[in-house]
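Hello,

Here is the structure I promised to pass on. Please open it first, then read my notes below.

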Amino acid sequence: MEKIKINLGRVQETLLLPLVSRAKETQYKNPLLNDTKAVELFEQLDVDKKKLLRNITEIGVHGLCYRAYKMDEAIHEFLQKHPNGKILDIGAGLDTTYYRCDNGKALWYDLDLPDSIALRKQVLPEPNNRIKYIAKSMLDYSWIDDIGDISNGLFITVPGVLPYFKEEDVKIFLSTIAPKLKGAEIMFDVISNFGKFFVDMRIKRAGMKEAHLEWAILDPKIITTWSKHIEIVRAIKFFEGIPKSNQRISTKVAMRFNKIFDMTQLFHLRFV
Ligand SMILES: C[S@@+](CC[C@H](N)C(=O)[O-])C[C@H]1O[C@@H](n2cnc3c(N)ncnc32)[C@H](O)[C@@H]1O
């Protein structure tokens, strides 16, 4: 089969990192995620696979998969309570969450910039009419109308996106959508200033020299000062409760270091 060429902007091309990580993790012994769809997709792309696989470290793979693993867990919990709810993935890239978490009833929305959605449609066309792709910037708030009624519940994930924005933009984004989506929950990953240094290094090492991390934060309480419509559900340190597996010693040390300094976390919030 002919491989699919990639022509994406500098932030958009970072979608390759979580994809390659999920594909690589799936091939480890006792993987955190079993993402056969990611393996299949990665195979289809015309990218320098050897270089990408060589340049992504084990801690990088586990970090990106831990994020997906915890988001999957939260989605499963949400779907238990809201089986007919809606799931919106902002900055979906080539995310394969639907294939890991669908319950056969929920409605799924994947939003990303037009070039990322064009690639997604090419390699991962909508499998049925419960899943819709939205080719818009998350800053074009007309996507709220595309989602429509949220009385059956809305869970939003924003994996690997907000740290690329300036704090002011994140503040405007969250405080704009919160009052319009009361009752919805949102989960996204964040990075500290210290963590930014290491993660930026990993992104550059993987060949994405033009993608820069911007927003750093340690304490989720700061976000609640941006809008009275935002409440904290929980903050999760990366690698907390990660099942034991046979990682290298250097990876175990890096995970511990990451936890001690809260280098990366997941924030789970509710709009009220
Ligand atoms: C690191 S990738 C993460 C991809 C995906 N969430 C995953 O974990 O596999 C960042 C994604 O954010 C998307 N993105 C960047 N700016 C965006 C914007 N203004 N609106 C929507 N998506 C955006 C990129 O196109 C890219 O797909």
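**Helix α9**

In α9, the buried residues are Gly195, Lys196, Val199, Ile203 and Lys204. Buried here means under 20% relative accessible area. Seen down the axis of α9, these buried residues fall within an arc of 160 degrees, so they line one face of the helix. The helix covers residues 193–205, 13 residues in total. From first C-alpha to last, α9 reaches 19 Å. That is close to the 18 Å expected at 1.5 Å a residue. Keep in mind that this is a predicted model.

**The ligand and its surroundings**

Now to the ligand. There are 21 residues around it, and Gly91, Asp112, Ser116, Met138 and Pro159 come nearest. By class, the shell holds 10 nonpolar, seven polar and four charged residues.

Which side chains place a polar atom by an oxygen atom of the ligand?

- Asp112: a polar side-chain atom lies 2.6 Å from a ligand oxygen.
- Ser116: a polar side-chain atom lies 2.8 Å from a ligand oxygen.
- Arg67: an N or O atom of the side chain is 3.0 Å from a ligand oxygen.

How much of the ligand does the protein cover? On its own, the ligand has 590 Å² of accessible area, and the protein covers 95% of that. Two elements, α1 (16–26) and β2 (107–112), each give two or more residues to the shell around the ligand.

Best wishes

Terms used
Residues numbered from 1 in each chain as written. Predicted model: local features only at pLDDT ≥ 70, side-chain atom pairs only at ≥ 80, totals over all residues. Heavy atoms only, no water. Near = heavy atom within 4 Å. Polar contact = N/O pair within 3.5 Å; in protein donor to acceptor, adjacent residues only side chain to side chain. Areas by Shrake-Rupley, 256 points an atom, 1.4 Å probe, with all protein chains shown as cover. Helix = DSSP H or I, 4+ residues; strand = E, 2+ residues; numbered from the N terminus. Nonpolar A, V, L, I, M, F, W, Y, C, P; charged D, E, K, R; others polar. Expected span 1.5 Å × (residues − 1). Buried < 20%, exposed > 50% of the residue type's maximum accessible area, 1.4 Å probe, protein only. Arc of directions from axis to C-beta.
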